[in-house]
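Me: I want to learn how to read cores and helix packing in a model. Please walk me through one.

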Amino acid sequence: MSKQGEGKKVCVTGASGFIASWLVKLLLDRGYTVKASVRDLDDTKKTEHLLALDGAKERLHLFQADLMKPGSFDEVVEGCDGVFHTASPFFIHTTNPQEELIDPAVKGTLNVLSSCSKFPLIRRVVLTSSVVALMYSGSPLTPEVVVDENWFSDEGFCKETKLWYPLSKTLAEEAAWKYVKENGMDMVTINPAMVVGSLLQPTLNTSAAVIFRLINAPTYPNITLGCVHVKDVAIAHILAFETPSASGRYCMAESVVHISELVQMLRKLYPSFKLPDKCADDTPFVKYHFSREKARSLGINYTPLEEGIKETIESLKEKKFL
């Protein structure tokens, strides 16, 4: 990548995460100085892989910050040209969705934006959202449907169907758009589907776990997923910051596949793996599409899914998960 970031300083929140770690890596490669927040500076699982990146010694500065603490991000965003807010809890099963998912997503986003509003030199905030903030409108997802950036998931539908993670991302993004409009701030959101590719962090993230859990499983779940390569998502964040004309939301999905198709892909790539032959239920498979046009207008050329799946597996092997 070009050295467009030389002399510029940016912030990445939640820097130890899957997407954020790649974002920090590519920003450093591009010449940026990066101020990055983690929850615990003493946790080497959150920091070691970041400190080992090329350019980290000279241009990476780590900070401890708490999403739930107002003002916690003031020091992290001060002096920055741009802020990438990626920090938000991501897991599917929860016994207390309000406390574990919704509050950190919504209040955390507003706390970061509040810190940004104190420093007029910050010219743009790039928020990591998700396709789950678009796709659960309550309308059936069918083969003719193309979900695009104009869709918003419905709060009532998410609550009724107990889609707590989609609810957290939807409420966080809606609160963010309201805040930046009221405060005259410039924000762009990146809305990725399930993210695949090599792990930089030493821990197993939620999206890689979806693939990991198919190996040796008796059945595969009856779900359809959009998929996108982690490097493409990280590049989209950077282009959303660097491209003056970038605006609004960018849906990121290279393809949409049923889990059965992922199983077939794994079987082709790794014939020795023990993989499930049947679905967990008899409900018909659902298929739909995500719009790819707006992401392409940003300059994204998607990495093929098979390449991303192979990189995920090789990474899981390298990190001794397999």
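Predicted model: local features only at pLDDT ≥ 70, side-chain atom pairs only at ≥ 80, totals over all residues.

Me: Which residues touch the most other members of the largest nonpolar core?

Reply: In soluble globular proteins, nonpolar side chains tend to be buried together. A nonpolar core is a set of buried Ala, Val, Leu, Ile, Met, Phe, Trp, Tyr and Cys residues joined through side-chain atoms within 4.5 Å. Buried means under 20% relative accessible area, exposed over 50%, partly exposed in between (1.4 Å probe, protein chains only). Here the largest core has 65 residues, and V12, V24, L27, V34, M252 and L262 touch the most other members. Helix α1 (residues 18-29) supplies the largest share, nine residues. Helices are DSSP runs (H or I, at least four residues), numbered from the N terminus. A second, separate core has 22 residues, including L67, V76, I122 and A176.

Me: What does V12 touch?

Reply: Contact means heavy atoms within 4.5 Å. Beyond four places in sequence, the partners of V12 include A20, L23, V24 and L27, as well as F84 and T86.

Me: At what angle do α1 and α10 pack?

Reply: Axes are lines fitted to C-alpha atoms, for helices over the stretch in contact, and angles run from 0 to 180 degrees between N-to-C directions. α1 and helix α10 (residues 230-242) pack at about 60°, with axes 9 Å apart. That makes α1 oblique to α10. Angles under 35 degrees count as roughly parallel, over 145 as roughly antiparallel, 65 to 115 as roughly perpendicular and the rest as oblique. In this contact, W22 and L26 are among the α1 residues, and A234 and I238 among those of α10.

Me: How do α5 and α8 cross?

Reply: The axes of helix α5 (residues 97-117) and helix α8 (residues 164-182) come within 9 Å and cross at roughly 20°. The two are therefore roughly parallel to each other. L101, V106 and L113 are among the α5 residues that meet α8, where L171 and A175 are among the partners.

Me: Is K45 buried or exposed?

Reply: K45 is exposed, at 52% relative accessible area. K45 lies in helix α2 (residues 44-51). Apart from neighbours within four places in sequence, K45 contacts P202 and T203.

Conventions. Residues numbered from 1 in each chain as written. Heavy atoms only, no water.
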